[in-house]
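Q: Could you walk me through how to read a few features of a model, one at a time? I would like the general idea and then the case at hand.

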Amino acid sequence: DPPDHTRLRRLLGKAFTARRMEQMRVGVRSLAARLVDEMIARGQPADLVEDFARLLPVTVICELLGVPLSDHHIFREWTEGLTNDATAKEDVLTDLGYALDDYMATLIAKRRVEPTDDLLGALVYARDNGDRLTEDELVSIAGAGLLTGGVETVSAALPSFIFTLLTHPDELARLRANPDLLPSAVEELLRFVPINTAAMFARYALEDVRFGNTVVRAGDPVLPALHAANRDPEVFENPERLDVTRTTNPHVTFGHGPHHCIGAMLARLELRESLAELLSR
């Protein structure tokens, strides 16, 4: 929370600009096309999770951070270890975290000697020019923060979005017939598909709030179900219906208020370009 959150948010905001995200669009589109080409070349059956959904976002994050192409495979292994293996032992996860931090510290040192125009270069510049970012914060944000946060949402969403469209053939046909609906379709899929059903961390009531017969007292911790909020009949008309033409769609998949996901623009970009490529192919 403020003031620390405000300081870190302001710094990252300088890196996650709309201009920088838009500059990435052509590259993301090209990457999506290449991954589909490779799936087709390998023949049936194709594995959308392994061959597309996990590869695309980690490659995008690596390019955003300026990770050399020769090291992309290492980041894929770290990402899968940190985000996808629920059975991993705590010491294994700790070792992965240390390895990632060490790698990012080395890459940061290189950026100081040879400045770059990528996201990591921007973070290093901000750190070294009076933005009150500690070295540990820089390593943590550039490493586990961006890697896990920037990969997990998209890698989980893409297969679920495709499955949802395949099981709603009328909506899939409508979207294929009118690709201009893609932006609203992505927002609707973000609302409709429960990408993350974990509460993740507590929020705290600022005042007494009554829910039915229950009173949440000021200061009480609350674990909200964001995916349930996205089906609220007081907010959404026919909330249990998938509608790719839905125009009013104030979903909270990326959070709300000062803690709204700072990578939301990047996630939307990846999801739109990926779905456009998959549906057209």
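Q: Which residue forms a salt bridge with Glu50?
A: Let's begin with the ground rules: this is a predicted model, where local features need pLDDT of at least 70 and side-chain atom pairs count only at pLDDT 80 or more, while totals for chains, interfaces and linings use all residues. Residues are numbered from 1 along each chain as its sequence is written, and side-chain values use heavy atoms, with hydrogens and water left out. A salt bridge is a side-chain nitrogen of Lys or Arg within 4 Å of a carboxyl oxygen of Asp or Glu. Here the partner of Glu50 is Arg54, with 2.7 Å between the closest N and O atoms.

Q: Are Glu50 and Arg54 buried or exposed, or something in between?
A: Buried means under 20% relative accessible area, exposed over 50%, and partly exposed in between (1.4 Å probe, protein chains only). Glu50 is partly exposed, because its relative accessibility is 34%. Arg54, at 23%, also counts as partly exposed.

Q: How many salt bridges are there in the whole structure?
A: The search finds 19. In one of them, Arg7 pairs with Glu137, the closest N and O atoms lying 2.9 Å apart. That pair links distant parts of the chain, 130 residues apart: Arg7 belongs to helix α1 (residues 4–15) and Glu137 to helix α9 (residues 135–166). Helices here are DSSP runs (H or I, at least four residues), numbered from the N terminus. Arg7 counts as buried because its relative accessibility is 10%.
Another salt bridge joins Asp243 and Arg241, at 3.4 Å from N to O. Asp243 is buried at 12%, whereas Arg241 is partly exposed at 39%. Salt bridges can also share partners, and in this way Glu22, Arg25, Arg29 and Glu273 form one network.

Q: What describes two packed helices?
A: The angle between their axes and the distance between the axes. Axes are lines fitted to C-alpha atoms, for helices over the stretch in contact, and angles run from 0 to 180 degrees between N-to-C directions. Take helix α3 (residues 25–42) and helix α13 (residues 264–280): their axes come within 9 Å and cross at roughly 40 degrees. The two are therefore oblique to each other; angles under 35 degrees count as roughly parallel, over 145 as roughly antiparallel, 65 to 115 as roughly perpendicular and the rest as oblique.

Q: Which residues make the contact of α3 with α13?
A: Contact means heavy atoms within 4.5 Å. From α3 come Arg25, Val28, Arg29, Ala32, Ala33, Val36 and Met39, and from α13 come Leu269, Glu270, Glu273, Ser274, Glu277 and Leu278.

Q: And at what angle do α3 and helix α5 pack?
A: About 145 degrees, with the axes of α3 and α5 (residues 55–65) 10 Å apart. Val28, Leu31, Ala32 and Leu35 of α3 meet Leu55, Leu56, Thr59 and Val60 of α5.

Q: Where is Leu182 placed, and which residues is Leu182 in contact with?
A: Leu182 sits in helix α11 (residues 182–192). Leaving aside neighbours within four places in sequence, Leu182 is in contact with Leu175, Arg272, Leu275 and Ala276. Leu182 is buried, with a relative accessible area of 11%.

Q: Why is α11 largely enclosed by the rest of the structure?
A: Because 10 of its 11 residues are buried. Among them are Leu182, Val186, Leu190 and Phe192.
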